[in-house]
Amino acid sequence: GAGRGARHDSDSDDLSPPRRGGAAAGDEAGEEPVKMSSGLRAGLVRGSDLKEEAAQVREERRAAVLAAPDEQTGRNATTVYRNREGLRIEREEWVQQQQKKRKKKISEYPEQELEWGGGVKQKYSQEAEKAEVERIAAQPFARFQPDEKYMEELKERQDWNDPMRKFQEDGEDGAAQGSAGGPQAAAAPAKKKPKCPHAPWPNRFDIPPGYRWDGKVRGTNFERKWLETKNHREFKQKERWAWEMEEM
């Protein structure tokens, strides 16, 4: 009863439990606050106090730099010039080396100077195109016989339905092997490359399957769906164009 009465009689505005180290906290109130490496106080600080403290720290640092000797701060020090080996040289010698280096760059690469509207490759392409236009302009309007360049272009052109294309490819492969291995390799028959016996599935890039493929597609049929969508879009576009022409 007495303990319960004593507990009820202790009326106070602070209902929080008693804090530990109350006396120690009072003793530490007079100590200096903890500061960070920048010189500012750590913890919760008001904005006005932080501004004043930052200005004071800057003034102290500036005063310390001004009070330091010139050997440490480098104030009023002369510029040190060094060559490529790291040795100290005079300023006149350094200026001469820079001028020689600049003249050497200009003299070595005069054809690679930058130009507006393109680079070296673009310039060569324009010159080649200009020469081709001049060659075509010099030809007569009606040509009865093809020239040599046109014949070379026709020979280099390869059609997918050319019946002689296979023999031409085999001949080129044999010639390449013969030039690489000498007359003995040229006399030996060219080894045919293995090809897949199964029909390739349609894909965007017309890539043939490898010769070890067993003919079964194990993918998600993404290529087939992509081609079907493309064909459907083209069909709808042609159908729309036909309807528009019909309405006109």
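Helices in these legends are DSSP runs of H or I with at least four residues, numbered from the N terminus. The model shown is predicted.

View 1. Asp 206 lies in the loop that runs between helix H9 (183-187) and helix H10 (222-247). Its phi is near 55°, a positive value in a residue other than glycine. Asp 206 counts as exposed because its relative accessibility is 67%, with the cut-off for exposed set at over 50%. Asn 221 also belongs to the loop between H9 and H10. Phi of Asn 221 is near 60°, again positive in a residue that is not glycine. With a relative accessible area of 33%, Asn 221 is partly exposed.

**View 2. The salt bridge between Arg 204 and Glu 223.** The side chains of Arg 204 and Glu 223 meet at 3.2 Å, N to O. This pair links distant parts of the chain, 19 residues apart, with Arg 204 in the loop between H9 and H10 and Glu 223 in helix H10. Arg 204 is partly exposed at a relative accessible area of 36%. Glu 223, in contrast, is buried, since its relative accessible area is 18% and buried means under 20%.

View 3. Asp 147 and Arg 135 form a salt bridge through their side chains, at 3.0 Å from N to O. Asp 147 lies in the loop between helix H6 (120-138) and H7, and Arg 135 lies in helix H6, so the pair ties together parts that are 12 residues apart in sequence. Asp 147 is partly exposed, with a relative accessibility of 23%. Arg 135 is likewise partly exposed, at 29%. Salt bridges that share partners join Glu 132, Arg 135, Asp 147 and Lys 149 into one network.

View 4. Arg 62 forms a salt bridge with Glu 59, and the closest N and O atoms are 3.2 Å apart. Both residues lie in helix H3 (residues 47-67), where they are three residues apart, about one turn of the helix. Arg 62 is partly exposed, with a relative accessible area of 44%. In total, the structure holds nine salt bridges.

View 5. Tyr 150, Met 151 and Leu 154 make a nonpolar surface patch of about 240 Å². Of these, Tyr 150 is found in helix H7 (residues 148-156) and is partly exposed, at a relative accessible area of 34%. A patch of negative charge on the surface gathers Glu 148, Glu 152, Glu 153 and Glu 156. Glu 148 has its place in helix H7 and counts as exposed at 67% relative accessibility.

**View 6. The whole chain, for orientation.** The protein chain has 10 helices and two strands. Along the sequence, these elements follow the pattern α-α-α-α-β-β-α-α-α-α-α-α. The chain has 248 residues, of which 6% count as buried. Among contacts with a separation of 6 or more, residues 24 or more positions apart account for 3%. The accessible surface of the chain comes to about 23800 Å², and 54% of this surface belongs to carbon and sulfur atoms.

Conventions. Residues are numbered from 1 along each chain as its sequence is written. This is a predicted model: local features need pLDDT of at least 70, side-chain atom pairs count only at pLDDT 80 or more; totals for chains, interfaces and linings use all residues. Side-chain values use heavy atoms; hydrogens and water are left out. Buried means under 20% relative accessible area, exposed over 50%, partly exposed in between (1.4 Å probe, protein chains only). Contact means heavy atoms within 4.5 Å. Accessible areas come from the Shrake-Rupley method with a 1.4 Å probe; for residues, only the protein chains shown count as cover. Patches are made of residues with over 30% relative accessible area and no salt bridge: like charges are joined within 9 Å, nonpolar side chains (Val, Leu, Ile, Met, Phe, Trp, Tyr) within 5 Å. A salt bridge is a side-chain nitrogen of Lys or Arg within 4 Å of a carboxyl oxygen of Asp or Glu. Lys and Arg count as positive and Asp and Glu as negative; His and the chain ends are not counted. The place of a charge is taken as NZ of Lys, CZ of Arg, CG of Asp or CD of Glu.
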